[in-house]
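Here is a predicted model to be read with some care.

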Amino acid sequence: MTVLGCIADDFTGATDLAGLLARSGVRVSLRIGVPDGPPEDAAAFEVIALKIRTAPVEDAVSQALAALDWLKKAGAERFFWKYCSTFDSTDHGNIGPVAEALMDRIGATQTIYCPAFPENGRSIFMGNLFVGQQPLAESPMKDHPLTPMRDSNLVRLLAPQVKRDVGLVDRLTVARGADALRAALADAPPHVIVDAVADEDLTTIATACRDFGLMTGGSAVAAPLPDLYRAADLIGDEAEAPAPTAPDAGAVILSGSCSAMTRKQVAAYDGPKFKLDPLTLDSDGPQAALDWLVAQDLADAPLIYATAEPDEVRAAQDKLGTAQAGEIVEQALARCARSARESGARRFVVAGGETSGAVTQALGVARLEIGPEIAPGVPWCFATSDGHDIAITLKSGNFGSEGFFAEALEKL
Ligand SMILES: Nc1ncnc2c1ncn2[C@@H]1O[C@H](COP(=O)(O)OP(=O)(O)O)[C@@H](O)[C@H]1O
Ligand SMILES: O=C(O)[C@@H](O)C(=O)COP(=O)(O)O
């Protein structure tokens, strides 16, 4: 039976959350989209990956509510709403409207918001979110194409997204421990931003909010929950993860992320590489890439990437339109994923949130079991694709170190 039901607003974010929950040894199951049928073989920790970060608000809310209803049927009474550790959203949503709709549906009168992820450099102090040493609005997130973050203050960012009041419990209170935090929450409004600068703060927050009907945040504030549930006998041995067997076969790396960290990872990769150009794809299609791929030895883990510097991306977007350029690249990488599988690839390394959506869809992956973590927030996952056991990892644009691709392959 499911103890914690989680809803993530994108695919890489979902594997990030699932990976952090799985650190404590519990079985975590990730579903791509709301499953059609009733819950079967539900794990103690279920994560539903949606693609609603930038969807119209009504769509995002209705998909999140459908996910909630499915998780309730799986037995969950506690829920977690996962969004980006950089609070990617606009004045309209979707962080606030989804949280408010989930609260209303489960009858929760208060929830907390904590996107802090200290291991990946995201911290919150006095309600202000930092990315490394930079305030959010001075970080590269200020130029995000869809959700440019131009304010660093989470109270101000959330307020226009919700109907009810927003408050803050700051680090000075969190540092005094779970009882002090509980007392502060008792006097706080329905939506509460909670500061956290270190993992100990996250444990304090998870302890104080363990029995909330709904918690919201990045992945890191959920990470202490399995151990807290174990200590409270809310989960038993059946929640432990079975030892997964990694398929031992060829690998392919597919990168459609143009984030700063992915650009370094592509540059640092020593194996065979093929660069996709959106303009060539538009005129000639992906055949050249498919021909190159089929000639590769999958034991060498070939990399196909569209990853490019911002000026190249802009040039392609100016000629093709932003959505069309993205779509062409995603479809090409999706075709490459299928072709690699037909050639025997059983290990897939994918970089980029949207790219991960396109590749998992092309591979027909519906459910993932979570395996070993490669880097903070990036686990290997195990699934079946067209009847084959595969291992796949979905990397957020800004996660992982420069050697991520090689590290991922060494980890299995
Ligand atoms: N060279 C390029 N020119 C234009 N768009 C590109 C290029 N390379 C990738 N893209 C598109 O940019 C988007 C990157 O988003 P995503 O995969 O979510 O990465 P991230 O997680 O880093 O944001 C995708 O839609 C991808 O198809
Ligand atoms: O919380 C995070 O930072 C990640 O889990 C995440 O959601 C990143 O999104 P993308 O960079 O768009 O993959």
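**Ligand shells and a covered strand**

Q: Why is ligand 2 said to lie between domain 1 and domain 2?
A: Residues of the shell around ligand 2 come both from domain 1 (4-239) and from domain 2 (251-411), so ligand 2 lies between them.

Q: Which residues come nearest to ligand 2, and which helix gives the most to its shell?
A: Of the 14 residues around ligand 2, those that come nearest are Gly13, Asp16, Ser85, Gly353 and Ser396, while helix H1 (residues 11-22) gives the most, with three residues.

Q: How is the shell around ligand 1 made up by class, and which helices each supply at least two residues of it?
A: The shell around ligand 1 divides into eight nonpolar, eleven polar and three charged residues; helix H12 (310-320), helix H13 (322-342) and helix H14 (353-363) each supply at least two. Ser257, Gly326, Val329, Gly352 and Gly397 come nearest, out of 22 residues around ligand 1.

Q: What makes both faces of strand S10 (residues 191-194) count as covered?
A: A residue is called buried if 20 or more other C-beta atoms lie within 10 Å of its own. His191 and Ile193 on one side of S10, and Val192 and Val194 on the other, are all buried, and both faces are covered.

Q: What makes S5 and S9 count as strands that pair with S10?
A: Pairing needs at least two bridges between the strands. Strand S5 (residues 111-114) is joined to S10 by three bridges in parallel, with Thr111 partnered by His191, and strand S9 (residues 166-169) pairs with S10 over four parallel bridges, where Val169 has Val194 as its partner.

Technical notes. Residues numbered from 1 in each chain as written. Chains lettered and ligands numbered in written order. Predicted model: local features only at pLDDT ≥ 70, side-chain atom pairs only at ≥ 80, totals over all residues. Near = placed C-beta within 6 Å. Nonpolar A, V, L, I, M, F, W, Y, C, P; charged D, E, K, R; others polar. Domains from an automatic or database assignment. Buried ≥ 20, exposed ≤ 12 C-beta atoms within 10 Å, placed from the backbone.
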